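Please consult the sequence and the model alongside the text.

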Amino acid sequence: MSNSSIDDRELRERVEKRLKARQEFTIHLTVYIIANLFLWFLWFLMTGIGVGGEALADAGFPWPLIVMGGWGIGLVIHGLDVYSKTSAAALRYEARVQQEMELERQRIAEI
């Protein structure tokens, strides 16, 4: 097997892993939006806002905010994890790793 086919295989695995991570984040975001819309619907239904003319101030604490906040923090962390790996800093880090690997190969060859 040639070096180019090994490099192509490695490259493909990296790209597929990155694409899978982005797809998982998109699914996470979609579930977050749908679930939170449902929770807000439940809250409005339970408080009767809009049905009997009850004022929003009389509805009590909007507990879906707690879910949105906690889950939202996790969603932001997930997004940063997924998308920071394709940033310029990540690319510079990868270049440094490749450079160090090449230096290590040279050291091993000298031994």
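Of the contacts in the chain with a separation of 6 or more, what percentage is accounted for by residues 24 or more positions apart? Such residues account for 67% of these contacts, a contact meaning heavy atoms within 4.5 Å. The model is predicted, so that local features need pLDDT of at least 70 and side-chain atom pairs count only at pLDDT 80 or more, while totals for chains, interfaces and linings use all residues. Residues are numbered from 1 along each chain as its sequence is written, and side-chain values use heavy atoms, with hydrogens and water left out.

**Fold and surface**

The chain contains 3 helices and 0 strands, and its elements run α-α-α from the N terminus on. Helices (H or I, at least four residues) and strands (E, at least two) are DSSP runs, numbered from the N terminus. Of the 111 residues in the chain, 14% are buried. Here buried means under 20% relative accessible area, exposed means over 50%, and partly exposed lies in between (1.4 Å probe, protein chains only).

The chain exposes about 8800 Å², with carbon and sulfur atoms supplying 66% of that area. Accessible areas come from the Shrake-Rupley method with a 1.4 Å probe, and for residues only the protein chains shown count as cover. L11, V15 and L19 make a nonpolar surface patch of about 260 Å². L19 belongs to helix α1, which covers residues 3–47. Patches consist of residues with over 30% relative accessible area and no salt bridge; like charges are joined within 9 Å, and nonpolar side chains (Val, Leu, Ile, Met, Phe, Trp, Tyr) within 5 Å.

**The largest pocket**

The largest pocket holds about 490 Å³ of space. Its lining comprises 14 residues, of which R14, K17, R18, K85 and E94 are the closest to the centre. The elements that give two or more residues to this lining are α1, α2 (64–84) and α3 (88–110). Helix α1 gives the most, with 6 residues. On a 1 Å grid over the protein atoms alone, a pocket is an open set of points where a 1.4 Å probe fits, with protein on both sides within 12 Å along at least five of seven lines; lining residues have an atom within 4 Å of a point. Grid points are joined across faces, edges and corners, and the volume is the space filled by probe spheres set on the points.

**Salt bridges**

A salt bridge is a side-chain nitrogen of Lys or Arg within 4 Å of a carboxyl oxygen of Asp or Glu. By this rule the count comes to 4, among them the pairs tabulated here.

| Pair | N to O distance |
|---|---|
| E16 and R12 | 2.9 Å |
| R105 and E102 | 3.5 Å |
| E104 and R107 | 3.1 Å |

E16 and R12 both lie in helix α1, 4 residues apart, about one turn of the helix. E16 counts as partly exposed because its relative accessibility is 39%, whereas R12, at 57%, counts as exposed.

In helix α3, R105 and E102 are 3 residues apart, again about one turn. R105 is partly exposed, with a relative accessible area of 47%, and E102 is partly exposed at 39%. E104 and R107 are 3 residues apart in helix α3 and are therefore separated by about one helical turn. E104 has a relative accessible area of 39% and is partly exposed; R107, at 44%, is partly exposed.
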